[in-house]
Amino acid sequence: MTQDLLATAKRRIPSVERLLAHGDGLRLTDEFGRTALTAAIRDDLARIRSGDAPAGDEAAILARCGESLSSALRPSLRPVFNLTGTVLHTNLGRALLPRSAARAVEAVMTQATNLEFDLATGSRGERDDHVEGLICRLTGAEAAIVVNNNAAAVLLVLNALAMRKEVVVSRGELVEIGGSFRVPDVMARAGCRMREVGTTNRTHLRDFAEAFGPATGLAMKVHPSNYAISGFTAQPDPAELHALCQEKGIPLAEDLGSGSLVDLAAYGLPPEPTVSAALSRADVVTFSGDKLLGAVQCGIVAGRKDLLARIRKSPLKRALRVDKMTYAALEAVLRLYLHPERLRDELPTLRLLTRERAEIAGQANSLLQAVSDRLGGRASVSVAETMSQIGSGALPVETLPSVALVLTPDGDGAERPRSAGGRCRRLAEALRNLPVPVIGRIKDDTILLDLRTLEDEAGFLNSLSAL
Ligand SMILES: *Cc1c(COP(=O)(O)O)cnc(C)c1O
């Protein structure tokens, strides 16, 4: 009896050949290839035999195969809508590049380039030459080096200038950035001995003066990127510290972290130290390419020619160097800075950071109905004031007034989780599963979609339609 039932069920499972010859099978073969489709069919039939999938007809089996093949083919790394309110979001890839940079990258990645080839002489060239002149012109530096990221830039500077020597740093600047970049650890890995001076809240010029000696290789300043020490505080006057270092013949390095090339205050943003200001009070400055600069992931070392010549010779430079795509993107972005009148429109990071609250409010009101329609029944949508952040360690305590769409998940519907928190997590998950995932911020059992960073409204509504 059971034997018979099994036999009947088995007979109802179509063969691999039958499915491949089916109209839908032929279409899927065209799209994904016979090898991949055959494997997907075998998997599905095995699941039917073990009871993990319903038998169904041939079309249903092939539809499941098509779905599993397209989801396997979907790239792992893909675009998302960053509506978190953090403009330079490290986990979401930091700065967005202008189209000019994307075009420059595409050109060099599909063709041979003069990456290390001097077209004027026909001899070997130096890869940093493609951007060094621009960086010097924009910052006043004498020389510049590009490496993998700012963490690499700091590591390289420490190692090349102060290996087996002491690096003198204020106790108020022993920064940790996002867990894995910690000043004491980087110093240790660079082969330097950290010499902390002063206290958490107050460090004086004399603290540096007393620490300087024959073992000193470098003095270091670190921008407190993600915290602020307030109250009874003191740091030595930068010009005096620089003068003291020059008198003792000790190079002074400053890790700026974000480091802006322009004065943000001129754009109505909270001020952040510029690279050129830092270079007037330090010999070597390090900063990121994909924070306020608005380009690709890289780290830039800018400063005195003699010191950069020593840094360039370090074997670590080779280990930390960047690819032609990085130079292409960085060069294209740096060129935008040569045209300050257009910078705000053309550099996405600056454009997003400087959007006015009123403009974002207008956008929120005009999107409200369309977003409500697409969330129909799952959540009610309203508009609320919010605060955006620059992110990536720039101006940590400063926020920018912005406007968000607030999604409040509906409580009725039988299959909805009971708790407001559960419903909110469920909706956030649905938004992450959209064709172009929408990433917001959960607050008080609602999802905030900060519109400061929304430019592609049509793409956003289109993605939401798939809910
Ligand atoms: C962000 C930051 C770094 C690390 O820069 P990456 O480009 O992320 O490697 C180092 N130092 C400071 C002060 C920073 O703000």
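**Ligand shell and burial in a predicted model**

Buried residues account for 48% of the 467 residues in the chain of this predicted model.

Q: How many helices and strands does the secondary structure of the chain come to?
A: The C-alpha trace spans about 95 × 55 × 45 Å along its principal axes. The secondary structure of the chain comes to 20 helices and 15 strands.

Q: How do the residues of the shell around the ligand divide into nonpolar, polar and charged?
A: Residues surrounding the ligand include Arg94, Asn149, Ile177, Phe181, Ser288 and Lys291. Ala151, His223 and Gly257 are also among them. By class, the shell divides into 3 nonpolar, 6 polar and 3 charged.

Q: What percentage of the area that the ligand exposes alone does the protein bury?
A: The side chain of Ser225 has an N or O atom 2.5 Å from a ligand oxygen atom. Taken alone, the ligand exposes 380 Å². Of that area, the protein buries 94%.

Q: Which elements give two or more residues to the shell around the ligand?
A: Asp255 is found in strand S8. The elements giving two or more residues to the shell are helix H8 (150-162) and strand S8 (252-257).

Q: Asp255 has no salt bridge; how far away is the nearest side chain of opposite charge?
A: Asp255 is buried. Its side chain reaches the backbone nitrogen of Gly257 at 3.2 Å. A salt bridge needs a nitrogen-to-oxygen distance within 4 Å. The nearest side chain of opposite charge is Lys291, and the distance is 7.0 Å.

Q: Why does His223 count as buried?
A: His223 sits in the loop between strand S7 (216-222) and helix H11 (238-248). Buried means under 20% relative accessible area. His223 counts as buried because its relative accessibility is 16%.

Q: With which side chain does the side chain of His223 make a polar contact?
A: His223 is one of the residues surrounding the ligand. Its side chain also makes a polar contact within the protein, at 3.3 Å. The partner is the side chain of Glu272.

Conventions:
Residues are numbered from 1 along each chain as its sequence is written. This is a predicted model: local features need pLDDT of at least 70, side-chain atom pairs count only at pLDDT 80 or more; totals for chains, interfaces and linings use all residues. Side-chain values use heavy atoms; hydrogens and water are left out. A residue is near a molecule or strand if one of its heavy atoms lies within 4 Å of it. A polar contact is a pair of N or O atoms within 3.5 Å; within protein, one must be able to donate a hydrogen and the other to accept it, and residues adjacent in sequence count only if both atoms are side-chain atoms. Accessible areas come from the Shrake-Rupley method with a 1.4 Å probe; for residues, only the protein chains shown count as cover. Helices (H or I, at least four residues) and strands (E, at least two) are DSSP runs, numbered from the N terminus. Ala, Val, Leu, Ile, Met, Phe, Trp, Tyr, Cys and Pro count as nonpolar, Asp, Glu, Lys and Arg as charged, and the others, Gly among them, as polar. Buried means under 20% relative accessible area, exposed over 50%, partly exposed in between (1.4 Å probe, protein chains only). Lys and Arg count as positive and Asp and Glu as negative; His and the chain ends are not counted.
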